[in-house]
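Look over the sequence and the 3D structure below. Then read on for a short tour of the protein.

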Amino acid sequence: MLQADASHDNKFPSAWATLCSLGSRSSMAAVALRSCRRGLSHILSNGGLAALSSLRPEGVSRHKSTVQYASRPDLPKLAYRRVKGKSPGVLFLPGYGSNMNGQKAEALEEFCRSLGHSYLRFDYTGHGASEGVLSEGTIGTWKKDVLYVLDELVEGPQIMVGSSIGGWFMLLAAIARPERTAALVGISTAADHIVTLFNSLPLETRKEFEEKGEWTLPTKHSEEGLYKFNMNFLREAENHCVLQSPIPITCPVRLIHGLKDEDVPWHISMQVAERVLSNDVDVILRRHGQHRMSERDDIKLMVYTIDDLIDKLTTLV
């Protein structure tokens, strides 16, 4: 495996920072080339993601999935958008405090619709249009949300696409539901990150937060400018950490991360790659990629990667 050093990012090409292949598979540089079978390379390079609309027959207006609500006994309702289609389906897991209406989630819906594959995006408890209170949620709460979606709202094996903390949830879900997991695509995967970040603080600082009962973390992704986590949240999160031992996941895994991610270090994707048991794992580092990975070229790469996985999985069948 090629170990990348963020302090020497001038060594990386601007388009594909590096492709690190684990196991016996050859380099995934073929991703973009193989995607040409559906014309995606041409489509996405001529007008970006908006050009996906050219795949629709003339005169057919863009159709966006409608919001639906899943009622669960004694649990908050979950809001979701679903497109029915072929297998494998694609399931998008957003980041902490985010929702199903982000650029990556919407781009994936149009992409899956254009290929006729099923797709589902949803909001976790306390997020977006779903019921519940964000501050009352835990890693376990949101893991249950993902498992409910896998068990009740989608059919057949899924390619789970997890953004940030959604990348942590996709690992937890894949461990719990291997039979429903066709492949994983992590975008700025934040496995264990909240716990790791807190434990890396100086002992005195941790004691101060523990006495206060709350940890405040500065962020530019919140209107308040910070995230607040109580100590019970952190203690519960420790029960779901996955990086201390081998991760029992054997499906294809793709991990895309930006070297300029200021929120979640790209080293985490490398750690995940080293610990999963799968022989089919690739890490893709973007030299100028930031945390959200929502620039046009970032989304193109995500689409190429998923397209390649669909090709691989359907060919195997």
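## Ground rules

This is a predicted model, in which local features need pLDDT of at least 70 and side-chain atom pairs count only at pLDDT 80 or more, while totals for chains, interfaces and linings use all residues. Residues are numbered from 1 along each chain as its sequence is written, and side-chain values use heavy atoms, with hydrogens and water left out.

## The whole protein

The protein has 10 helices and 11 strands. Helices (H or I, at least four residues) and strands (E, at least two) are DSSP runs, numbered from the N terminus.

The protein has 317 residues, and 51% of them count as buried. Buried means under 20% relative accessible area, exposed means over 50%, and partly exposed is in between (1.4 Å probe, protein chains only). The protein exposes about 14,300 Å². Carbon and sulfur atoms supply 49% of that area. Accessible areas come from the Shrake-Rupley method with a 1.4 Å probe; for residues, only the protein chains shown count as cover.

Now take contacts, meaning heavy atoms within 4.5 Å. Among contacts between residues at least 6 apart in sequence, 71% join residues at least 24 apart.

## Two helices

The expected span of a helix is 1.5 Å times one less than its number of residues.

| Helix | Length | First to last C-alpha | Expected span |
|---|---|---|---|
| α4 | 15 residues | 20 Å | 21 Å |
| α5 | 12 residues | 17 Å | 16 Å |

How many residues of α5 are buried? The count is 10 of 12, so α5 is mostly covered. The buried residues of α5 include W168, F169 and M170. In α4, the buried residues include I139, W142 and D145. An α-helix has 3.6 residues a turn, so residues three or four places apart point the same way.

## The largest pocket

The largest pocket holds about 660 Å³ of space. Of the 31 residues that line this pocket, Y96, S164, H221, Y227 and H291 are the closest to its centre.

Some terms first. The search uses a 1 Å grid over the protein atoms alone. A pocket is an open set of points where a 1.4 Å probe fits, with protein on both sides within 12 Å along at least five of seven lines. Lining residues have an atom within 4 Å of a point. Grid points are joined across faces, edges and corners, and a volume is the space filled by probe spheres set on the points.

Which elements each supply at least two residues of the lining? They are α3 (103–115), α6 (193–199), β8 (214–218) and β9 (226–230). The lining divides into 14 nonpolar, 13 polar and 4 charged residues. Here Ala, Val, Leu, Ile, Met, Phe, Trp, Tyr, Cys and Pro count as nonpolar, Asp, Glu, Lys and Arg as charged, and the others, Gly among them, as polar.

## Single residues

Start with N230, in strand β9. N230 counts as partly exposed because its relative accessibility is 32%. Leaving aside neighbours within four places in sequence, N230 is in contact with S135, G213 and E214. F209 is 21 residues from N230 along the chain, and their C-alpha atoms are separated by 8.9 Å.

D123 is in the loop between β5 (117–122) and α4 (139–153). At 1% relative accessibility, D123 counts as buried. Its contacts beyond four places in sequence include L78, N99 and S130.

Next comes M293, in the loop between β11 (281–286) and α10 (296–316). Is M293 buried or exposed? M293 is buried, because its relative accessible area is 4%. The C-alpha atoms of M293 and K104 are separated by 8.4 Å, though the two are 189 residues apart along the chain. K104 is also one of the residues that M293 touches.

## Backbone details

Phi of M293 is near 50°, a positive value in a residue other than glycine. D192 also has a positive phi, near 65°. D192 is in the loop between β7 (181–187) and α6, and counts as buried at 2% relative accessibility.

Last, find S87 and P88. A cis peptide bond joins them, with omega about 0°. P88 is in strand β4 (residues 86–93).
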